[in-house]
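Subject: Structure for you, plus notes

Hi,

Here is the structure I promised to send over.

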Amino acid sequence: MELERFFIWQDWPVEKQKLFFAALVAAWALVLFMIWSGLHESQLSAGRVALQSKHNYSKTLPLVEQLKAGEASRGALVDREPMTAAQQVIRDLGLDTRLTSLRPLQAGSNAGEGVQVILEALNLPEIVYLMRDFNVRGGLRVSTITINHRLDTPDLADVQIILVR
């Protein structure tokens, strides 16, 4: 192989060589632009992922704090009498205005120490929160529950609960 004919463009006319080198520079610039564009897009994508992660974190942080507060208050009323614990749970949920009756169980009952609670005009979420807090915070177990629908507002109910420890 001759050294003079090593490059294929050496035999080309000067104008064709200039056109070839201009196309070569343009192709090189295009390759560099494509590499830069890919890197730039990956940086933008990483930024979007980081922003989405921050957004998700900001949404879950209050939930985690509520769970931690709930764990801290778990069993907070266990050392109190059942009547006091039930009254505190009802007050904390803001249901004390709908409390009709709160009485200790009769001494003759074989259920142990307990309390009878009667509340009026509760909706379903309030009943669920009440049952959860009686169990979790008060350490009280629901022995019996009676739910009666109200005739004046069908989405509300009157509840009679017997709680024991």
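Helices (H or I, at least four residues) and strands (E, at least two) are DSSP runs here, numbered from the N terminus. With that in place, one bit of backbone to look at: just after H2, Gly 94 takes a positive phi of about 75 degrees.

Before the rest, two housekeeping points. This is a predicted model, so local features need pLDDT of at least 70 and side-chain atom pairs count only at pLDDT 80 or more, while totals for chains, interfaces and linings use all residues. Residues are numbered from 1 along each chain as its sequence is written, and side-chain values use heavy atoms, with hydrogens and water left out.

**H2 and its surroundings**

Which residues of H2 are buried (under 20% relative accessible area; exposed is over 50%, partly exposed in between; 1.4 Å probe, protein chains only)? They are Pro 82, Ala 85, Ala 86, Gln 88, Val 89 and Ile 90. These buried residues pack against strand S1 (99-104), strand S2 (114-122), H3 and strand S4 (157-164).

In helix H3 you will find Glu 126, a buried residue with a relative accessible area of 18%. Leaving aside neighbours within four places in sequence, Glu 126 is in contact (heavy atoms within 4.5 Å) with Leu 95, Arg 98 and Ala 121.

**Salt bridges**

As a reminder, side chains of opposite charge can pair when their charged atoms come close. I counted a salt bridge when a side-chain nitrogen of Lys or Arg is within 4 Å of a carboxyl oxygen of Asp or Glu. The structure holds six of them.

One of these joins Arg 137 and Asp 92, at 2.7 Å from N to O. Arg 137 sits in the loop between helix H3 (124-136) and strand S3 (141-149), and Asp 92 is in helix H2 (residues 82-92), so the pair ties together parts that are 45 residues apart in sequence. Arg 137 is buried, at 14% relative accessible area, whereas Asp 92 is partly exposed at 40%.

Not counting residues up to four places away in sequence, Gly 75 touches Val 136 and Arg 137. The C-alpha atoms of Gly 75 and Gly 138 are separated by 5.8 Å, though the two are 63 residues apart along the chain. Gly 75 is partly exposed, with a relative accessible area of 27%.

Another salt bridge pairs Glu 41 with Arg 48, with 3.0 Å between the closest N and O atoms. Both ends are partly exposed: Glu 41 has a relative accessible area of 41% and Arg 48 has 48%.

Then there is Arg 150, which forms a salt bridge with Asp 152, the closest N and O atoms being 3.2 Å apart. Asp 152 is exposed, at 55% relative accessible area. Salt bridges also link Arg 150, Asp 152 and Asp 158 in a network.

**Aromatic rings**

How many aromatic pairs does a search of the whole structure find? Three, where rings of Phe, Tyr and Trp (its six-membered ring) pair if their centres lie within 6.5 Å, and planes under 30 degrees apart count as stacked, over 60 as edge-to-face and the rest as tilted.

Take Trp 12 and Phe 20: the ring centres are 5.1 Å apart and the planes are at 90 degrees, so the pair is edge-to-face. Phe 20 also pairs edge-to-face with Phe 21, at 5.4 Å centre to centre and 65 degrees between the planes.

Lys 16 lies over the face of Trp 12, at 6.0 Å from the ring centre. The cut-offs for that are NZ of Lys or CZ of Arg within 6 Å of the ring centre and within 35 degrees of the ring normal.

**A nonpolar patch**

Finally, Trp 28, Val 31, Leu 32, Ile 35 and Leu 39 form a nonpolar patch on the surface, with about 510 Å² of accessible area together. Patches are made of residues with over 30% relative accessible area and no salt bridge, with like charges joined within 9 Å and nonpolar side chains (Val, Leu, Ile, Met, Phe, Trp, Tyr) within 5 Å. The areas come from the Shrake-Rupley method with a 1.4 Å probe, and for residues only the protein chains shown count as cover. Val 31 lies in helix H1 (residues 14-73) and is partly exposed, at 39% relative accessible area.

Cheers
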